[in-house]
Amino acid sequence: MTTHEVESYVRQATREIQDEYKRLYARAAEDPGTAGDEGEENWADLLRRWLPASVHVVTKGRLLCADGSTSRQLDVIVLSESYPLGLLNKKMYLASEVLAVFECKLTLKKAHVEETVKRAAALKRLLHARHDQDIVYGLVSHSHSWSSNDVAISKISEQLRESDTQHVQHPNEALDVTCVADLDAWISYCMPPLGEGEEEFSSGYMASAPVPESGQYIDCDPPPVGRMISCIYRRLASRDKRFMGIHLYFMRVGLTGSMMHENPRMWSRSELAQVRKSLRSYW
């Protein structure tokens, strides 16, 4: 089967991130701060090239709610097209105009996963309470610290599930996407009851299905960056119909790929109603 040009473009973007990792990693020991800043710029630049030109992608800032409460500092922030240009150079960004935020790592470690799941849930809880607002929250990394890809897949999946159980009080608070450029991407999901009479929702994190012939996770098809971009558009389209066309196009050309989920977390209707009125269903 001929590879679609869009997938070729995504593979090119993925290779650029991987090449940058080799360069930054070589200098990280002598100047970790600069290496981390450059790594954030890698991801910000990728988002600027793959998200609509009308949105604004900025780095290093905090979110400012209307009541004066603020978030911790975030690495990359995506702002709506209506954001005032005169405020773009201010590092306190108006929370109501935030579409997505990302935490960036050069080399992903186990502790990073739990920390980010915890912070994502806390920020989503804050924004829903202050602005009745949902955002995309992502964790992106150039590479990982585990000894092999198979071990990394298993450990990240396990840590996402454990951290979700500890810190997420509602499916909408889950970490939306975890993307390791040279490994895989995990996409959170929430599914309503499927059968008649069923009452429980299920949620969790989907990773790539293994290649049938080998049972291995190596050489994801499409690459992790493609899955991440597809996820972002899916989430944005659930709030704004203007993103729906490109979301559907990316889905049809296969950027979502084949994914699987294991050990879902179950939620009863009454349990969800006690925490939050609205629920977005993903997937």
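The model is predicted, so local features need pLDDT of at least 70 and side-chain atom pairs count only at pLDDT 80 or more, while totals for chains, interfaces and linings use all residues. Residues are numbered from 1 along each chain as its sequence is written, and side-chain values use heavy atoms, leaving out hydrogens and water.

**Salt bridges**

- The partner of R48 is E41, and the closest N and O atoms of this salt bridge are 3.7 Å apart; the term stands for a side-chain nitrogen of Lys or Arg within 4 Å of a carboxyl oxygen of Asp or Glu.
- E41 is partly exposed too, at 34% relative accessibility.
- Salt bridges with shared partners also join E16, D45 and R49 into one network.
- R23 pairs with E20, with 2.7 Å between the closest N and O atoms.
- Both R23 and E20 belong to helix 1 (residues 5–28), three residues apart, or about one turn of the helix; helices here are DSSP runs of H or I with at least four residues, strands are runs of E with at least two, and both are numbered from the N terminus.
- An α-helix has 3.6 residues a turn, so residues three or four places apart point the same way.
- R23 is partly exposed at 39% relative accessibility, and E20 is partly exposed with a relative accessible area of 22%.
- R242 and D240 meet through their side chains in another salt bridge, at 2.8 Å from N to O.
- R242 is exposed, with a relative accessible area of 60%.
- Over the whole structure, the search finds 17 salt bridges.

**Helix 3**

- Helix 3 (residues 110–131) has 22 residues and spans 32 Å from its first C-alpha to its last, close to the 32 Å expected at 1.5 Å a residue; the expected span is 1.5 Å times one less than the number of residues.
- Its buried residues include H112, V113, T116, V117, A120 and A121.
- Covering the buried residues of helix 3 are elements including strand 1 (56–64), strand 4 (98–108) and helix 4 (149–167), with contact taken as heavy atoms within 4.5 Å.
- Just after helix 3, D132 has a positive phi of about 50°.

**The largest pocket**

- The largest pocket has a volume of about 290 Å³.
- On a 1 Å grid over the protein atoms alone, a pocket is an open set of points with protein on both sides within 12 Å along at least five of seven lines, a cavity is a set where a 1.4 Å probe fits but cannot get out, and lining residues have an atom within 4 Å of a point.
- Grid points are joined across faces, edges and corners, and a volume is the space filled by probe spheres set on the points.
- Of the 20 lining residues, S157, E158, R161, Y205 and E262 are the closest to the centre of the largest pocket.
- Helix 4 gives the most to this lining, with nine residues.

**The cavity**

- The search of the whole structure finds one cavity of 30 Å³ or more.
- The largest cavity holds about 70 Å³ of space.
- Among its 13 lining residues, P171, A174, S188, Y189 and S203 are the closest to the centre.
- Strand 7 (184–191) and strand 8 (200–208) are the elements that give two or more residues to the lining of the largest cavity.

Technical notes
Buried means under 20% relative accessible area, exposed over 50%, partly exposed in between (1.4 Å probe, protein chains only).
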